[in-house]
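Reader: I am new to this structure. Please take me through the surroundings of the ligand, step by step.

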Amino acid sequence: MKKLFILFFYAGLFLTACAKNAPVMVTNLRCESLSDPVGIDIAAPRLSWELSSDVNDIRQTGYRIIVASSLDKLNAGEGDLWDSKFVKSDNTLYIPYSGSKPKSRMKCYWKVKVATNKGDAGWSANASWTSALLDSSDWKAEWTGLDKSFPGDVLEKNTRLSARYFRKEFTLDPKTIANASLYISGLGFYEAFINGKRVGTQVFSPTATDYSKSVKYNTFDVTELLKAGANAMGVVLGNGRFFSMRQPGIRNFGFPKMITQLEVTYTDGSRQTIVSDTSWKVTANGPIRSNSEFDGEEYDARMETPGWTLAGFDDKNWLQAEKTEAPGGKLEAQRNRNIQIMETISPIAITELKPGMYILDMGQNMVGKLRIKVKGKAGDQVKLRFAETLKKDGSLYLDNIRGALVTDKYTLKGKDVEIWEPSFTYHGFRFVEITGFPVTPSLSDFEGRVMIDEMDVTGKFETSNKMINNIYKNAYWGIRGNYRSMPTDCPQRDERMGWLGDRAVGSLGESFIFDNHRLYAKWLDDIEQAQRETGSIPDVAPNYWQIYSDNMTWPGAYIIIAGMLYDQFGDKEPIIKHYASMKKWMNYMKEKYMIDYIMKKDTYGDWCMPPESPELIHSKDSTRITAAAVLGTTFYYHLSTLLNRFAVLLDKPVDADQFAKEAESVKKAFNEKFLDKPAGCYSNNTVTANILPLRFGMVPDEYKNAVFNNIVEKTMGDFKGHVSAGLVGIQQLMRGLSDYGRTDIAYQIATNTTYPSWGYMVENGATTIWELWNGNTADPAMNSGNHVMLLGDLIAWYYGYLAGIQNAPGSVGYKQIAFKPYLSKGLDYVDASFRSIRGLIGSSWKIEDGAFTWTIKVPANCSAIVYVPVSGKEAVKAPAGAKYNGMKEGYAVFQVASGTYSFISKL
Ligand code: BGC
């Protein structure tokens with residue numbers, strides 16, 4: 001009996017050990033940061049995964065990746081394309097595929113098995129990627145279009161074109177189709193159909209670029225859409241950014257054109273290819289009578305040609321398509337995701353302003369389009385105009401939309417209920433003026449279609465303070481609304497450009513909320529493509545507006561964002577790719593403008609400094625204006641230190657040394673020229689003049705306190721605890737205040753409801769972030785209701801300081817996290833999480849009766865340093881596994897491995 005008991009006991013132990021043997025799951029397999037991407041044209045795509053576990057202290061000790069040419073082989077564990085064999089490593093990110101050379105069109109199946117300190121995790125689920133056309137000779141298709149205008153097109157000023165419709169019928173062999181892929185680029189935008197069905201759900205595709213440098217194509221698996229025998233394909237082209245939105249003024253690349261290649265592979269291995277060429281038919285007489293991103297779309301449903309994307313349609317009145325000149329840019333597979341309808345919202349109110357004129361309220365300043373449902377007679381025309389706000393009389397306020405006509409028109413065909421939304425325009429709006437609606441419209445006739453780049457929402461952030469939560473919500477809407485395959489300044493007026501300076505530090509905060517990795521990596525390519533031979537980098541990229549004003553603060557975003565992608569996503573590739581261009585730009589600026597290590601050249605100043613009076617756009621008060629040379633020189637220094645870091649990373653010791661030395665000289669010259677030693681401030685003592693050198697590490701140790709005190713005095717005195725800096729300073733202000741122990745002031749700024757503050761915007765009805773602090777009273781000439789630049793470092797401060805989630809010093813991509821919440825009176829809880837590139841990071845704390853209760857989540861294979869705010873070490877209740885490292889500046893410091901931990905401390 002005793003023996004039997006012992007046997008059971010040991011068997012039990014054994015079973016428990018087996019069950020515990022694999023407490024880890026390998027999840028979220030990604031190729032080039034995307035799951036199962038189709039259309040990758042990189043020779044060595046990079047593979048990444050996450051580990052997840054309910055058990056604490058999981059470390060990867062090695063991995064084995066296998067890549068197979070078929071699912072069967074993969075399932076049989078045969079890596080015929082690549083078997084990495086067991087690699088001893090804790091790395092889970094960007095491991096380059098190193099197997100046999102990938103071929104065009106090849107689908108590669110892969111999985112990974114991971115060894116950890118707690119045993120082996122089994123094989124992951126299967127994942128895949130599909131190669132696009134890797135060699136330019138794979139392209140058999142021709143650029144096809146019609147390089148001319150048609151009646152109704154307008155080529156000057158408010159330019160507009162009717163959409164171009166292309167069609168082609170083809171016969172497929174009576175064989176079984178194994179798979180079929182469509183490779184397509186249609187400029188500006190395309191929508192493709194096969195046998196009456198839409199290909200994909202993407203809108204505004206392909207991604208916007210400088211088409212003379214790079215043209216992106218998309219790849220689709222269209223196997224399901226085809227059949228043996230007669231088939232048809234149709235493509236509609238809109239203007240997008242290819243055909244200029246204003247002439248003169250905005251770059252024009254020409255009339256719409258397309259390249260499409262449909263490849264059908266049969267089960268017997270044979271292939272049939274249908275390409276764009278002069279055999280296609282084309283018409284400009286379709287229902288989309290005009291389209292422009294600024295001015296709207298006009299659609300005449302009476303001109304619809306039912307069945308035009310089906311075989312057997314009579315196209316004898318259509319024209320023959322022509323071979324056109326290629327747009328010039330390199331044809332490349334698109335790596336960032338397309339824009340999609342990411343959400344739909346229902347309007348909250350409709351009012352009749354005067355007979356037949358209705359105002360629809362979406363309840364949210366959104367970006368996208370309105371879908372309408374309408375019934376009426378053929379020829380009835382519904383007109384929609386879009387605005388962000390209303391005038392006192394309840395009509396649309398259009399002054400701040402400037403020259404954009406923002407008008408969609410739908411002419412009914414008069415049959416049954418008609419449902420329509422435009423294809424090639426978008427608006428930034430909360431309110432819509434509706435006229436010409438044949439009957440009394442009701443709320444259910446409308447739907448807001450939120451059109452933005454497809455990306456995961458990775459962040460969650462909630463606090464005990466309602467105003468902070470509200471501002472966060474507004475920021476969320478503003479940021480996503482301005483992701484339009486480039487980060488735009490605004491979505492509503494006749495601008496909508498990728499202004500560099502707006503996103504320098506903003507991109508960091510944004511990266512907590514959204515997986516914006518691929519979008520910003522793409523934007524850096526846009527910036528590089530916009531660089532001139534001389535080295536000059538513009539203020540806007542893609543450079544549809546050609547503004548090469550040469551300053552440090554706007555183009556500097558190029559370098560700052562490459563650093564952000566490395567820090568936040570652990571991705572070194574953008575640095576490798578752009579290092580030479582960044583260096584070239586820095587040299588160009590130095591050679592051309594720097595005198596005795598002082599960079600005087602600047603363009604925009606500390607843009608949008610809160611003005612002293614409500615109607616101004618820019619402050620006129622000299623005590624609020626930061627000198628150009630202060631902005632230029634501090635930025636030159638900061639960017640040199642970043643380039644020094646990049647050079648070290650890329651193992652370029654000579655460069656690293658040069659940047660370090662130069663930075664030293666700049667710092668010295670700057671302090672000699674601008675540091676007012678007796679006063680302990682820089683230049684004319686603006687907050688920006690002080691916070692930049694302080695945050696960038698230029699202030700000699702003995703002056704740091706004095707400089708910081710000046711920031712505090714100015715902020716609390718002149719600005720009465722409100723934002724005290726413009727666009728450049730605000731990128732550092734919140735973090736700077738917390739770094740130097742005044743989170744209370746940052747908190748005050750963050751929760752103010754009086755001018756100037758984000759809370760003031762909320763109090764005055766904003767549902768996004770305004771371009772101006774005084775957006776409700778200032779000149780409409782530059783007063784968008786949906787600009788995110790004034791967020792500065794607010795979102796980075798929310799996550800990095802209030803929630804206390806930061807990279808530990810020296811860590812990137814959160815391999816080691818520093819959890820350090822900065823507390824302020826009045827804030828009782830923060831509940832935040834952020835799905836990092838290595839898994840979910842969580843920080844959730846609350847204060848009750850002087851007790852601080854905190855739960856943190858550290859992704860598997862990561863570790864953390866935890867700063868627990870406390871009166872003294874003995875007042876902390878730490879969980880098992882937390883190793884005490886000592887007290888530091890009011891925090892008890894612990895070291896933990898991966899997992900979930902809860903701390904309680906007495907404050
Ligand atoms: C844009 C800004 C931009 C600024 C620079 C404005 O018109 O909307 O976002 O940064 O110009 O001058």
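**Around the ligand**

Author: Start with His-787. An N or O atom in the side chain of His-787 is 2.9 Å from an oxygen atom of the ligand. This is a predicted model, so that distance is computed from predicted coordinates. Asp-489 also has a side-chain N or O atom facing a ligand oxygen, at 2.7 Å.

How much of the ligand does the protein bury? Taken alone, the ligand exposes 310 Å². The protein buries 94% of that area.

Now the shell itself. Asp-489, Trp-554 and His-787 are among the residues around the ligand. Also there are Arg-493, Glu-495, Trp-499 and Asp-502.

Helix α7 covers residues 573–593, and helix α9 covers residues 653–674. They pack at an angle of about 35°. Their axes are 13 Å apart. The crossing is left-handed. On the α7 side, Tyr-579, Lys-583, Asn-587 and Lys-590 take part in the contact. They meet Asp-655, Gln-658, Phe-659 and Glu-662 in α9. By class, the residues of this contact are four charged, two polar and two nonpolar.

Definitions and conventions:
Residues numbered from 1 in each chain as written. Predicted model: local features only at pLDDT ≥ 70, side-chain atom pairs only at ≥ 80, totals over all residues. Heavy atoms only, no water. Axes fitted to C-alpha atoms, helices over the stretch in contact; angles between N-to-C directions. Helix = DSSP H or I, 4+ residues; strand = E, 2+ residues; numbered from the N terminus. Left-handed = near helix turned anticlockwise from the far one by under 90°. Contact = heavy atoms within 4.5 Å. Nonpolar A, V, L, I, M, F, W, Y, C, P; charged D, E, K, R; others polar. Near = heavy atom within 4 Å. Polar contact = N/O pair within 3.5 Å; in protein donor to acceptor, adjacent residues only side chain to side chain. Areas by Shrake-Rupley, 256 points an atom, 1.4 Å probe, with all protein chains shown as cover.
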